[in-house]
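Here is a short briefing on charged side-chain pairs. Look over the sequence and the structure before reading on.

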Amino acid sequence: MKASEILAHKNLNFTKSRKLILEVLMRSDVALSEKDIRNEANGHCDRATVYRTLKTFTDNGIVHQVNSETK
C-alpha cells in the first residue's frame with residue numbers, strides 16, 4: 001500500500017510532510033529516531049513536524065512507539 005493510500009484509509013489529511021515521513025518509515029527495516037527521520041527527509045521537515053506527525057500516526061494506529069533506554 002502506498003503512503004497516500006494509508007493516509008486516505010485512516011481519513012487523515014494528505015500533506016507533503018505526512019507523505020514524506022510515512023515513506024521514510026516504510027523504507028526502513030529498523031526503528032528510526034526523530035533525528036534519523038529528519039536526516040532521511042533531507043531537511044524537508046523540522047523537528048516539531050516530525051514529532052507532531054509521529055504522534056498523529058501513533059494515535060491512528062499507523063505506527064507504534066518503541067521506547068529505548070539510553071545511558
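Is Arg 38 buried, partly exposed or exposed? Arg 38 is partly exposed, with a relative accessible area of 30%. The model is predicted. It contains 4 salt bridges. Some of them are described below.

**The network around Glu 34**

- Salt bridges link Glu 34, Arg 38 and Arg 47 in a network.
- Glu 34 pairs with Arg 38 at 2.2 Å, N to O.
- Both Glu 34 and Arg 38 sit in helix 3, which covers residues 34-40.
- Glu 34 and Arg 38 are 4 residues apart, about one turn of the helix.
- Glu 34 counts as buried, because its relative accessibility is 11% and the cut-off for buried is under 20%.
- Glu 34 also meets Arg 47 in a salt bridge, at 3.8 Å, N to O.
- Arg 47 belongs to helix 4 (residues 47-59) and Glu 34 to helix 3, so this pair ties together parts that are 13 residues apart in sequence.

**The pair in helix 2**

- Lys 19 and Glu 23 form a salt bridge, with their closest N and O atoms 2.6 Å apart.
- Helix 2 (residues 16-27) holds both Lys 19 and Glu 23.
- The spacing of Lys 19 and Glu 23 is 4 residues, about one turn of the helix.

**Exposure of the helix 2 pair**

- Lys 19 is partly exposed, at 29% relative accessible area.
- Glu 23 is partly exposed as well, at 25% relative accessibility.

Notes: Residues are numbered from 1 along each chain as its sequence is written. This is a predicted model: local features need pLDDT of at least 70, side-chain atom pairs count only at pLDDT 80 or more; totals for chains, interfaces and linings use all residues. Side-chain values use heavy atoms; hydrogens and water are left out. A salt bridge is a side-chain nitrogen of Lys or Arg within 4 Å of a carboxyl oxygen of Asp or Glu. Helices (H or I, at least four residues) and strands (E, at least two) are DSSP runs, numbered from the N terminus. Buried means under 20% relative accessible area, exposed over 50%, partly exposed in between (1.4 Å probe, protein chains only).
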